[in-house]
Structures are given as C-alpha cells and as structure tokens.
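Open your viewer and get ready to select as you read. We start with the whole chain, then visit a few spots.

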Amino acid sequence: MRAPELSGDVWLNTGGRPLKLAELRGRIVLLDFWTSGCVNCLHVLDELRPLEAEFADVLVTVGVHSPKFLHEGEAAAIESAVRRYEVHHPVLNDPEMETWSQYAVKAWPTLVIVDPEGYVVHHAAGEGHGEALRQVIAELVKTHDAKGTLRRGGNLYVPAEEQRNEIRFPSKAVRTAEGRILVADTGHHSIVEFASDGETVVRRFGSGDRGSADGAFDRASFTEPAGILLLPNEVAEKVGYHAVVADTAGHLLRGIDLNIGKVSTVAGTSRQWRNGPDSGNALDVDLTSPWDVVWWAPAGGVVVAMAGNHTLSLFDPLTGQIRRFAGTTVEGLRDGPVDEAFFAQTSGFAATPEKLWLADAETSALRWIEPDGESFAVHTAVGVDLFSFGHSDGPAEDALLQHPLGVAVLDDDTIAIADTYNGAIRRYDPLTRVVSTIATGLAEPSGLLLHEGVLLAVESAGHRLVPVEMGAPTNVSGDAHAVRRPPTVLAPGELDFSVVFTPPPGEKLDDRYGPSTRLEIRASPPELLAEGSGVGTHLTRRIRLADGFTEGVLQVVAQAASCDNGAEHPVCRVTRQDWGVPVRVSGDGEGALQLVMAGAPSQ
C-alpha cells in the first residue's frame, strides 16, 4: 500500500515547517500514532529512543498525535506534552483524526513503517515491539542499500525553546512530619523537599539525570517519578526508609531515608512487566509504570497504582513482598470483587481508614475500594466508560470528568478531585452524591495536598504548587463528550474476528511449552456478545453480536510468544496488546473484523 500523505493542523519540533512524505523519500519513516494521556504510548516513546539512536542516519520518526480527549487536541497541550516527555522527533498534531483514519489505525499506540520507496511495509499495535522494529528496519536498510534507494543523513528535529523553572512538570506532593513538602519534580527526574511555605527549596533528591542509581541524595537518579508516600513511623524505623516513591518511567519503587538522604530501590527490576509473574520478592518482580502509592491500613501495606497494566499491587515493606491486589489487566470500568474489577490507568490515591479513593484516568472516573467480608470490593462514584468525558456537575450519575489524575480527602470528608484535562478542582460529597466545581483555570492539576488547612494543587503544566481558593462551589453544566475515534461499523449477527501477528524477520512462534498465542474478548455492555466471549488460544474466532444492540465496545487482549529461529540459546519475547474497539452495528457493516498486532494488514 502506498503511504497516504500526512495531514493535521500543527507541526512541532520542525521549527513550524510541515513535512511531506515526498521529501522523506529514500529514508525509512516510522510513524508513531500516540496520544499524550495513554501510558502505553509513553512506553513506546522510551522503546523508540534506542532505535532512533541506532538508525539516526536512515530513520525519520514522526509522531502522529491523534488525541483521545478534547484537551489533548489543543495546541498548548500537545506542545506541553512534547516537552514533558522529551520527544526529540517531529510531531504532527492530528486533532480531527485524519491521518489516523487514512492509515486505518484502531488503537493507541500504533506503529507504521514506510519504506524508502513510500510503501507501508509493517504495522504494529501496542507496545513491546522494539526488537521486532529493529529487525524490520535493519532488513529494510540492507535491502534498499543494495537497490540504491536508501538515502542517508540529515536530522529534521528542531528543538523548542525551553523555559527554566524550579520544578518542571511536577506530579504529586506529600507533607512530612516536620511540616515540609516533598514534591515529585517529574520533569527534572528528582524529588524536591520544600520548606513549609512550599516555595523555599531545602534539598533535592536526584542528580537530575534519567536513571535508576541508588545512593546519596545528590548521586541517586530517578526517571519521571510521580507518586510519593510517607510510611508509618513504626514501619519506617524497621525498614530504614521513610518515603516510598513511584519511579514511574523507571518501573521501580524507591525508598528515601530522610535522615541521611539515601535513596534505595525497594521494588522492581527496571524491566517493564510484560507477561511474567507479578507477585513474589519485590526486587525480583517486574513493575509497569507505577504512578501513585499510598499506605492503606485495611490492606496492610502500600497500594501501588500499576498504571501500565491497569492493575493495583500491594507492597509490604516489612517482608519485601509484592502481589497483585486488584484488577485483571483488562482496561475498562467494571465494579465488583477486586480480583474481577477492571481499571483504566489508575493515577491517584487518597486513603481513609474505611475507603481507598482513586482516580481512574482513562475512564475519567472517581472510584473507591472498601473491605467486603474477607476481601475487598470496587465501586464507582463518577464515571461511565473508556469513551465518555466532559465537565458537568450535579448528581454523580450525571457528572463528568476529563482524565483526572489526583484525589484528596478534605477536612469535611468530601473528596477533592484534580480534574486534570478540565483544568479544574472538583468536589464529590459521598453523603449527597453530588459533584461540584471549586476551582478552574489551572494548568493540568495532577495532584492535591491538604497542607496546614490549605488545599494545594500540583499544577503540572504550570510548573508550581498553587493554593486553591475554597470558596462557594459552582455548578458547571458543560457538554458531554465522547472519544472522537471513528467506530468500526459491523454487520449484525455472526462475523469472523481475527488478530494478525507475524513474527519479525528471524523469529518464529514459540510453541515449545504449549500454545504460542492467546486471545481474550469481552464486551461492554457484556450482553453485546451473544457468542464468542472469553479466552482461547487461537487468534481467529467466530463471534456473534446479539440482536437489539446498535453500539458498544469490544475489549480485546491478544498476545503471542516468539523466539529467534534456529539459535542454540534463542532470545524469546511476548508481544501483547489490548484494544477497546468502539463498534456500531448496522446492516451495511462489515462481516469481519481484523486487528493487527504485528505484521502487514491484509488489503
């Protein structure tokens, strides 16, 4: 397939100059379809960095930012995201999803490779494709070098001018026993300790370089840290550290001894979890983008928002063990027992002795967990599904948020919400079940802290802590919005469903220990699927849509294991992707649905 032209409204990292595919002819072009609020997209940015370095003279990476939320499509928001995540390649903002539709993309993130002659040769959805992409690119270099169609040299990246701030894109804050404030200075890869005024810097933990080095406060390093908690005194005395930091992009939990300034790794391996065990000795278990942490007595330890796979983990500092606490890895909104509930990029916590409040970013939801007999149960206060959002107050069942990242329990037991993409602070009253707005006009508030009777907002895109004026709440009656991703139109009744997975060059499916593939299909609402839901070992399946439904979402999780072909000690890997596919049922719809995990889509 000839690669369609790139179209959108704003180019970034090019000095404002739009790029055309014709001028990239002779280079290998890697299109990264992403959106700034998607944690899997952020994983891919890290996976691409070594590829961009290795193939710098032949590869042009272009980020195609196709926003999920309304706020993400705003020019200022994408400019901020490009700086926040240190994106060092051209980026096209595609707010109307034009380029997305031209390339038949169905999931964030999706990677498309265009060869030097302008043809689409590879398509991969999801994350974890780094090594496969390297092999595809290397093969293209070899082929087109021999044909004389490969052009080398030239860097199209033009960096934006940076402003210097004391803190850069901060995420969360916590108050110490001495009344000081610890802030996750995410953009500077460090933790800053402020005096009680929230302005005077006392000390900084972290060198400012991305990394995972342990040691003294000025030599240790973090990678985009976010959540912070302070352990109970009796626990801190036994384990030798006082604060636990969710070192998000480093896939680690770090401990900080506030007495001597020492930083240590307390959980994680620095490898991102893909498909292995998520329970055991904490230093032997892979984590995936831990976003926030909280001590919750009913659970008996540190609850970790494992945003990267939509689960919650429980870390016990005393035993050094970690285990799955809640969630299934399926992204969505489903209440019930913790081991059956669905979450969607949980990003903020606030605990009371009875309840654990949480912000689920991708479902724009406020939820809580509470003891239920010998286990725990999940409930939703505000939120609908993966695709509905807005800014609307009133009864909780009608209220709407937009990608909230933080929560706090106020003195009157109401819940403050950092409604990040609405630039607002909202309040939920658990007694009346009413939502109101208490502040607007903030630049992506990502965390909240009640400090000396004042509510402080961590204004991430404003690079500061700011007090929130707690005046009379207002009632906002904004419009309801839905994700603008075009739905897939399917015919009613039975249809053929398939996921394409082609091992990269030099690899084969790994069936040494059983089936090499796995496919799980669910639906929202569940009744949408009359037949074909559940888990199987084949990537093809016959499913049937139930009568009486005109729309819904198919929730799909696929994975495939592959290994080096013919090697004595092969390197093996698992590729995994989940999709939330909005569908519309119509008589003129397609009788088959194909998703591409890796390979070339059929035409």
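How much accessible surface does the protein chain have, and what share of it belongs to carbon and sulfur atoms? The surface comes to about 23,300 Å², and 48% of it belongs to carbon and sulfur atoms. Keep in mind that this is a predicted model.

**Whole chain**

Show the cartoon. You are looking at five helices and 44 strands. Now switch to the C-alpha trace. Along its principal axes, the trace spans about 70 × 55 × 50 Å. A compact globule of 603 residues would have a radius of gyration near 25 Å; the protein chain has 24 Å, so the two agree.

Color by burial next. Of the 603 residues, 60% are buried. Then turn to contacts between residues at least 6 apart in sequence: 58% of them join residues at least 24 apart.

**Stop one: helix α2**

Select residues 75–84. This is helix α2, and its buried residues are A77, I78, S80, A81, V82 and R84. What do they pack against?

Now step past the helix to E86. E86 follows α2 and has a positive phi, near 55°.

Zoom in on β15. Its antiparallel partner is β19 (residues 321–326), and two bridges join them. Pick N281 and look across to β19: its bridge partner there is Q321.

**Stop three: strand β34**

Select residues 477–482. Is strand β34 well covered or hardly covered? It is hardly covered: among its six residues, the count of buried ones is zero. Buried here means under 20% relative accessible area.

β25 and β34 pair in the antiparallel sense over four bridges. Finish by labeling two serines: S392 stands opposite S477 in β34.

Note on methods:
Residues are numbered from 1 along each chain as its sequence is written. This is a predicted model: local features need pLDDT of at least 70, side-chain atom pairs count only at pLDDT 80 or more; totals for chains, interfaces and linings use all residues. Side-chain values use heavy atoms; hydrogens and water are left out. The radius of gyration is taken over C-alpha atoms; the globule rule is 2.2 Å times the number of residues to the power 0.38. Buried means under 20% relative accessible area, exposed over 50%, partly exposed in between (1.4 Å probe, protein chains only). Contact means heavy atoms within 4.5 Å. Accessible areas come from the Shrake-Rupley method with a 1.4 Å probe; for residues, only the protein chains shown count as cover. Two strands pair if DSSP finds at least two bridges between them.
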